[in-house]
Amino acid sequence: MEQLSPFEQGILMALVSLSATIRSTPGFDGAALTKAAQYFTDNPAQGCESGAAKTAYEWPLNILKTDLAQLQQMLNADKTRN
């Protein structure tokens, strides 16, 4: 894959942050998010069906399908518990 621009890297990290946060929200339907992301993986946008375009297209969708509980635990490690 080609070098990502700082903007693209920031977008991906923002997506990781949002996904980790919403998945840790009580009552959030993580299975529905995974199912929606899988739908778009299975039905790629025009021009994203193969090769490097497919790889780039699927990357953010795979973030949405990933269990980010470990990341959320790391982010919460410094919080004080009462």
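Biologist: Before we start, what does buried mean here?
Modeller: Buried means under 20% relative accessible area. Serine 19 is a clear case: at 1% relative accessibility, it counts as buried. Keep in mind that this is a predicted model.

Biologist: Where does serine 19 sit?
Modeller: In helix H1.

Biologist: And what does serine 19 touch?
Modeller: Leu33, Ile63, Leu64 and Leu68, leaving out residues up to four places away in sequence.

Biologist: Step back a bit. How many helices and strands are there?
Modeller: Four helices, zero strands. Along the sequence the pattern reads α-α-α-α.

Biologist: How much of the chain is buried?
Modeller: Of its 82 residues, 22% count as buried. The accessible surface is about 6,100 Å², and 58% of that belongs to carbon and sulfur atoms.

Biologist: What about contacts across the sequence?
Modeller: Take contacts between residues at least 6 apart in sequence. Of these, 64% join residues at least 24 apart.

Biologist: What span should H3 have, and what does it have?
Modeller: H3 covers residues 51–64, which is 14 residues. At 1.5 Å a residue it should span 20 Å, and the end C-alpha atoms are 21 Å apart, so the two agree.

Biologist: Where does H3 bend?
Modeller: At glutamate 58, by about 30°. Proline 60 follows within four residues.

Biologist: Glutamate 58 again. What does it form with lysine 54?
Modeller: A salt bridge, with the closest N and O atoms 3.9 Å apart. A search of the whole structure finds one salt bridge. Both residues lie in H3, four residues apart, about one turn of the helix.

Biologist: Are the two partners buried or exposed?
Modeller: Glutamate 58 counts as buried, because its relative accessibility is 17% and the cut-off is under 20%. Lysine 54 is partly exposed at 33%.

Biologist: Which residues does threonine 41 contact?
Modeller: Glu58, Leu61 and Lys65, setting aside neighbours within four places in sequence. Threonine 41 lies in helix H2. Its relative accessible area is 11%, so it is buried.

Biologist: Switching to aromatics. How many pairs are there?
Modeller: The structure holds one aromatic pair. It joins tyrosine 39 and phenylalanine 40.

Biologist: What is the geometry of that pair?
Modeller: The ring centres are 5.2 Å apart and the planes sit at 85°, so the pair is edge-to-face. The cut-off for that is over 60 degrees.

Methods
Residues numbered from 1 in each chain as written. Predicted model: local features only at pLDDT ≥ 70, side-chain atom pairs only at ≥ 80, totals over all residues. Heavy atoms only, no water. Helix = DSSP H or I, 4+ residues; strand = E, 2+ residues; numbered from the N terminus. Buried < 20%, exposed > 50% of the residue type's maximum accessible area, 1.4 Å probe, protein only. Contact = heavy atoms within 4.5 Å. Areas by Shrake-Rupley, 256 points an atom, 1.4 Å probe, with all protein chains shown as cover. Expected span 1.5 Å × (residues − 1). Bend = angle between axes of the 7 residues up to and from the residue. Phe/Tyr/Trp six-rings, centres within 6.5 Å; stacked < 30°, edge-to-face > 60°. Salt bridge = Lys/Arg side-chain N within 4 Å of Asp/Glu carboxyl O.
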